[in-house]
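Q: Hi! Could you walk me through this model?
A: Happy to, let's look at it together.

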Amino acid sequence: MTHADPERLAILVHEVRSPVAALAAIAEVCVNERLETPARRPLIELAVAACRGIERLVTDAALASVRREKVDIRRLVEEAAAAAVLGGGNVRVQVDDGLPTLHVDPLRLRQALDNLVSNALVHAESAVVVAVHARRAGAEVLLSVVDQGPGVPLDEQQRIFEPGVRLSSERSGSGLGLAVARAVVEAHGGKLIVESVAGKGATFTIALPAS
Ligand SMILES: Nc1ncnc2c1ncn2[C@@H]1O[C@H](COP(=O)(O)OP(=O)(O)OP(=O)(O)O)[C@@H](O)[C@H]1O
Ligand SMILES: [Mg+2]
């Protein structure tokens, strides 16, 4: 891997906003007009290819941006929650005792966690409380963001991590938050997953190797 370039991800996210917006516009037309006919196929393929390209750029930039150091996860989670509370969110934190110190990039990990917390606050309008849990599970440390909002339907749970994908155009956003969060977590050798039953909230979990 090349030496760390902490600005690279930020610049990339800034620069891909407009191609992602174009991609989102194509996707919206496809969905709204129920595009299934052969003549419309190229448009869908174009959107999928653009999506893959952007995903690759984000993944590479996330990898090149990581600067690892020893990080106290309790502190990182509490600071993320405090920032969200300052912004008006109702966020609760529960951090288990005895979590190991992790060798991660605190800025990138905060960015990933902040994206999940802000999603919970923005997309789950019915959410009174957003809970952030940090705990150990075997060889992993799990950071979960739990909301009681509308949730994510099962058939959309993979797609929402793709750049430009937004399930509703009612709220503003570029559909990049989850793509960036997943790229950052995977750059740390971890996983970002969603568990949700539509109508019953969503739990997004960052799983990081404990060692
Ligand atoms: N906690 C959640 N509850 C319900 N839907 C969610 C939640 N988090 C994300 N989503 C859905 O996934 C989509 C993609 O999320 P993502 O964070 O990538 O983009 P965004 O929030 O729309 O825009 P951005 O993060 O770039 O400002 C959202 O538009 C929303 O439809
Ligand atoms: Mg978001």
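A: A word on terms: domain bounds here come from an automatic or database domain assignment. This is a predicted model, where local features need pLDDT of at least 70, side-chain atom pairs count only at pLDDT 80 or more, and totals for chains, interfaces and linings use all residues. Residues are numbered from 1 along each chain as its sequence is written, while chains are lettered from A and ligands numbered from 1 in the order in which they are written.

Q: Thanks! How far apart do the C-alpha centres of domain 1 and domain 2 lie?
A: They lie 22 Å apart. Domain 1 covers 8-65 and domain 2 covers 69-209.

Q: And how many residues does the contact take from each domain?
A: Domain 1 puts in 17 residues and domain 2 puts in 15, where contact is C-beta atoms, placed from the backbone, within 7 Å.

Q: Which helix gives the most to the domain 1 side?
A: H1 does, with 9 residues. Helices are DSSP runs of H or I, at least four residues, numbered from the N terminus.

Q: Switching topic: how many residues surround ligand 1?
A: 22 residues, and the closest include Arg-166 and Gly-173; the cut-off is a C-beta atom, placed from the backbone, within 6 Å. H4 gives the most to that shell, with 4 residues.

Q: Is Asn-119 buried or exposed?
A: Asn-119 sits in H4, residues 106-123. Asn-119 is buried because 21 other C-beta atoms lie within 10 Å (buried is 20 or more, exposed 12 or fewer, partly exposed in between, with C-beta atoms placed from the backbone).

How values were computed:
Helix = DSSP H or I, 4+ residues; strand = E, 2+ residues; numbered from the N terminus. Contact = placed C-beta atoms within 7 Å.
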